[in-house]
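Subject: Structure for you to look at

Hello,

Please find the structure we talked about below.

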Amino acid sequence: MSANSRNPNALPIYVQISELLIRDIAAGRLIDGERLPPERDMASNLNVSVGTLRKSLAELEKKGMLERIQGSGNYIRETGTQNSVYAMFRLELPEGGGLPRADILSVDHLKKPAKLPKFGLSDSGSRVRRMRYLNDTIIAVEEIWLDESAGTIDQNLLSDSLYRYYQQQLGFWITRAEDRVSVSALPDWTPEGFTKPAGQAAGYIERFSWSEKAEPIEFSKTWFDSDRATYVQRLK
């Protein structure tokens, strides 16, 4: 596993690994009571140092998702909290899981177009366009609008996780979201590197997101390649 060198604000490697493991647990690829491979083997497979891997495992242990038994090994525990940076990211690889990351295509501060649904308190906002990956697989393009009343997005500080950026840079967090899933044509700004051309049908998600305020402060549109990713909503 390697860092996203194109994004200097990418999550630290140990956080990426812990997030990958959390998503694998959520997807059922790692089950309660399962013993993980020896740390040296895991580190080698992930192309990281043993020290980095141990920091990742310590994050899982803090969340109650890992039990480390001296002389025996590391065991998955599903009784812990799945408090994940990507807790609201619903797209997974067909086999489950996958670490989300993103290429930023543009960040603009604009007046909201009339065609956008109503959200927030301002008539302006930050618009982010990105191409999304799971591991190294291109899966989606997305457009996110953050209401100006919640803050302004600085592209130079933006990381793979927009919600983590909200927490660290703007001082709020997303507490809930509402998704509407359908099919729609890919937008005209779809990059040439995407799996399908602009205008072709793709899976489509519209999302309204709330902080602690009554009005939603974010609206996003995601077009995803249903041959490469699946929308998953788990109820517990």
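Which residue stands opposite Lys 221 in E9? The residue is Glu 206. Before going further, please keep in mind that this is a predicted model.

Strand E9

E9 covers residues 218–224. Seven of its seven residues are buried, so the strand is mostly covered, where buried means under 20% relative accessible area. In a regular strand the side chains alternate between the two faces of the sheet. In E9, Glu 218, Ser 220, Thr 222 and Phe 224 point one way. Phe 219, Lys 221 and Trp 223 point the other way, and these residues are buried too.

E9 has a partner in strand E8, which spans residues 201–210. Seven bridges join E8 to E9, and the two run antiparallel. Strand E6, residues 137–147, is also joined to E9 by seven bridges, again in an antiparallel arrangement. On that side, Trp 145 stands opposite Phe 219 in E9.

The chain as a whole

The chain has four helices and ten strands. Along the sequence they follow the pattern α-α-α-β-β-β-β-β-β-α-β-β-β-β. A compact globule of 236 residues would have a radius of gyration near 18 Å, and the 19 Å of this chain agrees with that. The C-alpha trace spans about 65 × 35 × 35 Å along its principal axes.

Of the 236 residues, 50% are buried. Among contacts with a separation of 6 or more, 64% are between residues 24 or more positions apart. The chain exposes about 11600 Å², and carbon and sulfur atoms supply 46% of that area. There are 31 positive and 32 negative charges, and their mean positions are 1 Å apart.

Two loop residues

Asn 47 lies in the loop between helix H2 (39–46) and helix H3 (50–62). Its phi is near 60 degrees, a positive value in a residue other than glycine. Is Asn 47 buried or exposed? Asn 47 is exposed, because its relative accessible area is 57% and the cut-off for exposed is over 50%.

Asn 135 is in the loop between strand E5 (124–134) and E6. Phi of Asn 135 is near 55 degrees, which is again a positive value in a residue other than glycine. Asn 135 counts as partly exposed, because its relative accessibility is 34%.

Regards

Note on methods. Residues numbered from 1 in each chain as written. Predicted model: local features only at pLDDT ≥ 70, side-chain atom pairs only at ≥ 80, totals over all residues. Heavy atoms only, no water. Rg over C-alpha atoms; globule rule 2.2 N^0.38 Å. Buried < 20%, exposed > 50% of the residue type's maximum accessible area, 1.4 Å probe, protein only. Contact = heavy atoms within 4.5 Å. Areas by Shrake-Rupley, 256 points an atom, 1.4 Å probe, with all protein chains shown as cover. Lys, Arg positive; Asp, Glu negative; His and termini not counted. Charge placed at Lys NZ, Arg CZ, Asp CG, Glu CD. Pairing = 2+ DSSP bridges.
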